[in-house]
Amino acid sequence: NPWVTRETWGDRQWWGDTGLWAGGQATLVQTGDVVDRYHDDKEMYLFLWALQDHAGKSGGKVILLVGNHELWNLMGFFKD
């Protein structure tokens, strides 16, 4: 949900020692379609990239796959 990232992920008070990541050594696979959702594409990617960094510090992983929406954008097909 983009509102969660917009309103709270920047608030470092609740991050704790592991930062944004609470998954320990787990792997999170985000299966694409991050873009074209609520017009918060940049904020969502900034959040996911920060989550990747924080996960790595705890031995975890965040894997971002390309979905059809990302592929459409790469092909120049933009929808509103």
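What share of the contacts with a separation of 6 or more is accounted for by residues 24 or more positions apart in the protein? The share is 73%, where contact means heavy atoms within 4.5 Å.

The model is predicted, so local features need pLDDT of at least 70 and side-chain atom pairs pLDDT 80 or more, while totals for chains, interfaces and linings use all residues. Residues are numbered from 1 along each chain as its sequence is written, and side-chain values use heavy atoms, with hydrogens and water left out.

Start with the cartoon view. The elements run α-β-α-β-α from the N terminus, with three helices and two strands; these are DSSP runs numbered from the N terminus, helices being H or I of at least four residues and strands E of at least two.

Next, select Leu20, Trp21, Val34, Val35, Met44, Tyr45, Phe47, Leu48, Ala50, Leu51, Ala55 and Val62, the largest nonpolar core. Helix H2 gives the most to this core, seven residues. Such a core is a set of buried Ala, Val, Leu, Ile, Met, Phe, Trp, Tyr and Cys residues joined through side-chain atoms within 4.5 Å.

The structure holds one aromatic pair: the ring centres of Tyr45 and Trp49 are 5.5 Å apart and the planes stand at 40°, so the pair is tilted. Rings of Phe, Tyr and Trp (its six-membered ring) pair if their centres lie within 6.5 Å; planes under 30 degrees apart are stacked, over 60 edge-to-face, the rest tilted. Tyr45 is buried at 18% relative accessible area, whereas Trp49 is partly exposed at 45% (buried is under 20%, exposed over 50%, partly exposed in between; 1.4 Å probe, protein chains only).
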